[in-house]
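Reader: Walk me through this one, please. Keep it short.

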Amino acid sequence: MALIIFVILAALCAGGVTAMILSRNQAHSALFLVLAFSSLGGIFGLLDAPFAAAVQVLVYAGAIMVLFLFAIMMFNLSQPEPPSRKRVRTVLGLAMAIVLLAELGLAARKALSSPQGPAGLPDARDIGHIGRLLFSDHLYAFEITSLLILAALVGAMALAGRTEGE
Amino acid sequence: MIPSAAFLILAVVLFVLGIVAFLVKRDLLTQFMAVEVMLNAGNLAFLALSKALGRPDGQVVVLFVITVAAAEAVVGLAVIVLVFRQRKTIRTDDLKELRG
């Protein structure tokens, strides 16, 4: 049962990203990406990570992609992207991607053939445990993250909040 | 029971699709979306290995990655807005001042 759900979600996810590549309209690309990220949230749920799944749907499919859609509406690019003249670059990019696919596939095989720890510890899906880990082992990283978000907020306002006259 | 190899293969496929999108697409916004796809592939690999090894640290890292991705999206979009205001275009074919 879980395998069927996984196959459906994986197909939706990869198909969404492929449709985003093939689509010439940026708004359609963003909406296909929302589909892909939402199904990825479902896959996170299958991996015993319910909190990561919720954050994925809320932050990625929700906040970040809405930000992208706002930006697309701001640019108001009514004319679609004209078909590209530079075929060479596309072919080269695809060739590089195939090489990278082979390389990453080999790396993934090696990672899986190494000895594995005890699979599925009982506390791996416990949100309280993750919270304790976040506020003990990773406390500094957590606090620095809050500073990073503040810096990003102020930086974005300083960059794009300026009006034309200034 | 789904083998963790399946999750890792999906992560690899997503990352490569993100690379393809970044190299094939010709405007800054879609290329930026491709970067988000690659970040998500990394998240998926973290969670898959976190489950395979039975350690919850991977989930903590995923939270950090999502937070940093949100901050990065905000600043990146602000930069793209600035580029659009100055050049009236975000197509990378038209932005070649830095070409040697």
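**Helices across the chains**

Author: In this predicted model, helices α4(A) and α1(B) pass each other in a right-handed crossing. Right-handed means the near helix is turned clockwise from the far one by less than a right angle, left-handed anticlockwise.

Reader: What ground rules apply?

Author: Residues are numbered from 1 along each chain as written, and chains are lettered from A and ligands numbered from 1 in written order. Local features need pLDDT of at least 70, side-chain atom pairs count only at pLDDT 80 or more, totals for chains, interfaces and linings use all residues, and side-chain values use heavy atoms, without hydrogens and water.

Reader: At what angle do the axes of α4(A) and α1(B) cross?

Author: Roughly 160°, and the axes come within 9 Å. That makes α4(A) roughly antiparallel to α1(B). Axes are lines fitted to C-alpha atoms, for helices over the stretch in contact; angles run from 0 to 180 degrees between N-to-C directions. Under 35 degrees is roughly parallel, over 145 roughly antiparallel, 65 to 115 roughly perpendicular, the rest oblique.

Reader: Which residues of α4(A) and α1(B) meet?

Author: From α4(A), they include A:Thr90, A:Leu94, A:Leu101 and A:Leu112. Among those in α1(B) are B:Ser4, B:Phe15, B:Ile19 and B:Val24. Contact means heavy atoms within 4.5 Å. By class, the α4(A)–α1(B) contact has 17 nonpolar, 4 polar and no charged residues. Nonpolar covers Ala, Val, Leu, Ile, Met, Phe, Trp, Tyr, Cys and Pro; charged covers Asp, Glu, Lys and Arg; the others, Gly among them, are polar.

Reader: And α1(A) with α1(B): parallel or antiparallel?

Author: Roughly parallel. Their axes come within 9 Å and cross at roughly 5°. A:Phe6, A:Cys13 and A:Ile21 are among the contact residues of α1(A), with B:Phe7, B:Leu14 and B:Ala21 among those of α1(B). That contact has 14 nonpolar, 1 polar and no charged residues.

Reader: How do α5(A) and α3(B) pack?

Author: Their axes are 9 Å apart, at an angle of about 65°. That makes α5(A) roughly perpendicular to α3(B). The crossing is right-handed. A:Ile130, A:Leu133 and A:Leu134 meet B:Asp57, B:Gln59, B:Val60, B:Leu63 and B:Phe64.

Reader: Zoom out. What area is buried between chain B and chain A?

Author: About 6,700 Å², with carbon and sulfur atoms giving 77%. Buried area is the accessible area (1.4 Å probe) that two parts lose on being put together, summed over both. B:Arg26, B:Met33 and B:Phe64 supply 10% of what chain B buries against chain A, more than any other three residues. In total, 65 residues of chain B contact 78 of chain A.

Reader: How many salt bridges are there between chain B and chain A?

Author: The count is 1. A salt bridge is a side-chain nitrogen of Lys or Arg within 4 Å of a carboxyl oxygen of Asp or Glu. Over all chains the count comes to 5. B:Asp93 pairs with A:Arg89 at 3.8 Å, N to O. B:Asp93 lies in the segment after α3 of chain B and A:Arg89 in helix α4 of chain A, so the pair joins two chains.

Reader: Which residue of chain A has a positive phi although it is not a glycine?

Author: A:Asp48, at about 60°. A:Asp48 sits in the loop between α2 and α3 of chain A. B:Lys88 also has a positive phi of about 60°, and B:Lys88 lies in the segment after α3 of chain B.

Conventions
Helices (H or I, at least four residues) and strands (E, at least two) are DSSP runs, numbered from the N terminus.
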